[in-house]
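Let's take a walk through this structure together.

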Amino acid sequence: LHGNVYSSAFAFTVRSMCEGRKGSLVMAWIWAAFASFVEGFFIYVTYAYAAYRLELSYFNDVDDISAARHSLISAIETNISLSGQAYERRIINMCHNLPSPLFFCAVEFIFCCFCMSNLSEIRTLFCQIWLCPTVMSRQQTMEEHESSALIVGLLPKDYWVFIVGLVIPKTVLTIVLWYIGTASVAFTREMHHMIFRAIVLIIISHLDSVLFHSFVSSSKKEWLVRSQVLMARTQCLRYGTAWPGE
């Protein structure tokens, strides 16, 4: 099980329902809901700030940019030098501030890798839930051993509760962040702003892990590390738990 609030909510729910303890169950779902809310809030702030407020600066000097662009096109068409022209310094500053295509590709590649890691964790959690065997009694869902804990089954009604409550929200947030983050990085006019935006997006994408490691007690972390999920061996298990080529 991965160290984030969604995997912990799944494991602690099964444990709490099996042992009849509601405190850990309630807190696990509160943290999962809080993580979804915080991540959604920051995604919205990123969208509003990057897509509207920051990019409004384009309209403040749009006439100046258009004139500089027209001057550059005219110089290229007539094969004359820009030296001494009115917009020479403006054109030079614009070119110096713009990130290079290679730098953008490098930043975008790193951001995509973090988004892929999130999708990989979601895919693993989905497979752990969907391929877990079905049992008819709550007491049969978990086996506790001295050095490990094993989730051996779920009740029929548990599957959709976990998928709708844990898997789908995180999947939607990751896809939306991926789309908005890519647009935010692409529409950046200065290199240092691109780096700052990429770092912020990476932190947002891992807020669930940050909250888990910051607020969950050490004993619960250790228990989660020792926990495993029994999954039925099917033809799709290999492809559901590993990317092609792994």
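The lining of the second largest pocket is made up of 7 nonpolar, 4 polar and 1 charged residues. Keep in mind as you look that this is a predicted model. The pocket itself has a volume of about 170 Å³. To find it, look for its lining residues, among them Val5, Ser8 and Phe12, then Met27, Ala28 and Trp31, and also Phe215 and Lys220. Two elements give two or more residues to this lining, namely H1 and helix H2 (23-53). H2 gives the most, with 5 residues.

Now let's turn to how helices pack. Two packed helices are described by the angle between their axes and the distance between the axes.

Start with helix H1 (residues 5-19) and helix H7 (residues 158-186), whose axes come within 10 Å and cross at roughly 175°. An angle over 145 degrees counts as roughly antiparallel, and H1 and H7 are therefore roughly antiparallel to each other. On the H1 side, Tyr6, Ala9, Phe10, Thr13 and Val14 make the contact, while H7 brings Phe162, Leu166, Lys170 and Leu173. Sorted by class, this contact has 7 nonpolar, 1 polar and 1 charged residues.

Next, how do helix H6 (residues 101-130) and helix H8 (residues 191-205) cross, and at what angle? Their axes come within 10 Å and cross at roughly 5°, and H6 and H8 are therefore roughly parallel to each other. The contact of H6 with H8 has 12 nonpolar, 2 polar and no charged residues.

Terms used
Residues are numbered from 1 along each chain as its sequence is written. This is a predicted model: local features need pLDDT of at least 70, side-chain atom pairs count only at pLDDT 80 or more; totals for chains, interfaces and linings use all residues. Side-chain values use heavy atoms; hydrogens and water are left out. Axes are lines fitted to C-alpha atoms, for helices over the stretch in contact, and angles run from 0 to 180 degrees between N-to-C directions. Helices (H or I, at least four residues) and strands (E, at least two) are DSSP runs, numbered from the N terminus. Angles under 35 degrees count as roughly parallel, over 145 as roughly antiparallel, 65 to 115 as roughly perpendicular and the rest as oblique. Contact means heavy atoms within 4.5 Å. Ala, Val, Leu, Ile, Met, Phe, Trp, Tyr, Cys and Pro count as nonpolar, Asp, Glu, Lys and Arg as charged, and the others, Gly among them, as polar. On a 1 Å grid over the protein atoms alone, a cavity is a set of points where a 1.4 Å probe fits but cannot get out, and a pocket is an open set with protein on both sides within 12 Å along at least five of seven lines; lining residues have an atom within 4 Å of a point. Grid points are joined across faces, edges and corners, and a volume is the space filled by probe spheres set on the points.
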